[in-house]
Amino acid sequence: MNLKGRVTSSLVDLFLAAPIDIEKYETLYKHFHEHPELSNLEANTAKTIAVQLSSLQAFNITANIGGHGVVGVLKNGPGKTILLRADMDALPILETTGLPYSSIVTMLDAEGVMRPVMHACGHDMHMTCLLAAAETLLKLKQMWSGTLIVLFQPAEERGTGAKAMIDDGLYNKHKIPVPDFVLGQHVMAMRAGSVGSKLGTIMAGADSMKITLFGVGGHGSQPHRTIDPAVMAAHVVVRLQTLISREINPSDISVLTVGSLQAGQTENIIADSAEIGVDIRSVRPGTREKLLASIRRIIKAECEASGSTVAPVFKMTRHLPTTVNDEAMMRTLVKSFSEYFENDFDANIPTTTISEDFSVLATSQGRPCAFWHWGGIEEGLWDQRLKEGRTDDIPANHTARFAPVIQPTMQTGIHALCVAALAFFDDKLQHKL
């Protein structure tokens with residue numbers, strides 16, 4: 001965000017009067033990017049976060065919640081309790097950005113398989129922005145009253161991290177105050193400096209599963225003596241593609257992806273089984289139930305048609321809820337973001353089929369939440385691709401070339417968190433702003 005080009009506002013003046021060492025955070029971001037860790041294995045990342053929070057000498061820090069979760073609490077007098085959240089885990093992707101701080105990390109995943117690891121979803125930027133926002137809000141503590149919670153969540157990519165922190169006693173055993181409002185953000189393949197949100201459902205829910213199909217293995221030269229699970233799986237994959245196109249209303253947001261298929265180990269052996277990995281995205285609960293039921297129906301029918309005598313096995317591997325922005329919170333957020341970001345804020349972005357487990361931190365306690373996206377694509381590149389009608393060519397989240405430009409992405413993310421937090425602290429103090 002180019003502050004020079006903006007009409008001077010009280011918030012801009014506040015940020016200028018309470019500067020932080022942004023170069024320090026740029027270095028920290030590069031460290032996070034260069035040293036990613038997979039879901040549920042974020043031990044070193046969590047230690048780095050705890051050290052950074054400790055250096056502020058103001059937050060009460062609790063680590064190892066729900067695995068490697070880290071929470072800092074800053075009590076600053078009476079008022080509302082605001083929780084700001086960032087996620088920490090990376091993805092099993094081989095990075096090809098060519099950045100001087102590219103990841104070359106490999107590590108064993110939870111199943112003992114060696115994987116390349118990359119921050120291909122921007123969680124490195126999320127962590128850095130939240131740490132910087134924590135320092136900024138600390139420097140501005142005379143301007144607000146209440147309790148600030150900064151929460152760093154593990155295992156978002158598996159959809160289990162938020163629930164794991166709740167199940168581990170985030171708000172009881174670990175005595176983290178129950179927030180009045182929960183806020184979060186995600187960097188996306190949008191124009192750097194831009195911010196977007198919407199009332200209602202901003203992100204779809206997700207369900208993933210692994211399905212094992214059973215055949216009868218044998219020699220590749222004698223397929224007539226087998227029931228080939230590879231052919232069975234191929235029929236399943238093709239048939240599943242008709243679910244969205246032929247069974248779901250075109251106006252209903254939904255996606256079905258077969259992300260993995262494994263059958264056999266070598267060319268001349270027909271395997272005994274095949275495994276398919278399926279992921280669905282949906283917004284309406286009825287659509288979710290229909291998709292899950294139809295997947296089972298199709299797979300069972302294809303197994304029977306192939307002559308399989310063993311029922312397929314379905315294993316649900318993750319579930320992420322829809323992310324629904326609270327109406328009252330959005331009124332406050334839209335007002336604050338519109339005033340601060342002006343034309344760079346879009347209050348009605350499309351619902352995305354990308355999913356999050358962020359909302360569990362709020363809904364588990366019956367509390368409201370709000371979430372927004374902000375851009376990380378260099379302005380010149382975005383503008384050029386937009387002019388050419390080729391924005392889909394820009395590397396997006398979960399790809400090997402996703403690399404948010406550091407600035408103005410970082411400044412925008414820091415300020416978005418701070419503007420949102422200040423907007424939700426005790427209303428009677430807002431005249432100070």
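**Aromatic contacts, core and sheet**

I begin with a charge and a ring: the charged end of Arg296 lies over the ring of Phe314, at 4.4 Å from the ring centre. Please bear in mind that this is a predicted model.

Let me turn to the aromatic pairs. The whole structure contains nine of them. In one, the ring centres of Phe15 and Tyr340 are 5.8 Å apart and the planes stand at 85 degrees, so this pair is edge-to-face. Phe15 belongs to helix α1, residues 10-17, and Tyr340 to helix α9, residues 327-341; the pair therefore ties together parts that lie 325 residues apart in sequence. Both Phe15 and Tyr340 are buried. A further edge-to-face pair is formed by Phe337 and Phe345, with 5.5 Å from centre to centre and 75 degrees between the planes.

Which residues do ring pairs link into a cluster? They are Phe15, Phe337, Tyr340, Phe341, Phe345 and Trp372.

Beyond its neighbours within four places in sequence, Phe337 is in contact with Val195, Glu342, Phe345, Trp372, Ala416, Val419 and Ala420. Phe337 is also, with Leu53 and Phe152, among the residues that have the most contacts inside the largest nonpolar core, a set of 66 residues. To this core, helix α12, residues 406-424, gives the most, with twelve residues.

Next, the sheet. Eight strands make up an open sheet of mixed pairing, in the order β1-β2-β6-β3-β7-β18-β8-β17. At its edges are β1, residues 60-65, and β17, residues 345-346, each pairing on one side only. Helix α4, residues 123-139, packs on the sheet and touches β2, β3, β6, β7 and β18, its direction making about 150 degrees with that of β3. Helix α11, residues 379-388, also packs on the sheet; it touches β7 and β18, and its direction makes about 65 degrees with that of β7. Strand β8, residues 195-196, pairs with β17 in the parallel sense over two bridges, and Gly196 has Asp346 of β17 as its bridge partner.

Finally, a loop residue. Pro321 is located between β15 and β16. Is Pro321 buried or partly exposed? With a relative accessible area of 21%, against a limit of under 20% for buried, Pro321 is partly exposed. Leaving aside neighbours within four places in sequence, its contacts are Ala204, Gly205, Glu356, Asp357, Ser359 and Val360.

Technical notes
Residues are numbered from 1 along each chain as its sequence is written. This is a predicted model: local features need pLDDT of at least 70, side-chain atom pairs count only at pLDDT 80 or more; totals for chains, interfaces and linings use all residues. Side-chain values use heavy atoms; hydrogens and water are left out. Two strands pair if DSSP finds at least two bridges between them. Helices (H or I, at least four residues) and strands (E, at least two) are DSSP runs, numbered from the N terminus. Contact means heavy atoms within 4.5 Å. Axes are lines fitted to C-alpha atoms, for helices over the stretch in contact, and angles run from 0 to 180 degrees between N-to-C directions. A nonpolar core is a set of buried Ala, Val, Leu, Ile, Met, Phe, Trp, Tyr and Cys residues joined through side-chain atoms within 4.5 Å. Buried means under 20% relative accessible area, exposed over 50%, partly exposed in between (1.4 Å probe, protein chains only). Rings of Phe, Tyr and Trp (its six-membered ring) pair if their centres lie within 6.5 Å; planes under 30 degrees apart count as stacked, over 60 as edge-to-face and the rest as tilted. A charge sits over a ring if NZ of Lys or CZ of Arg is within 6 Å of the ring centre and within 35 degrees of the ring normal.
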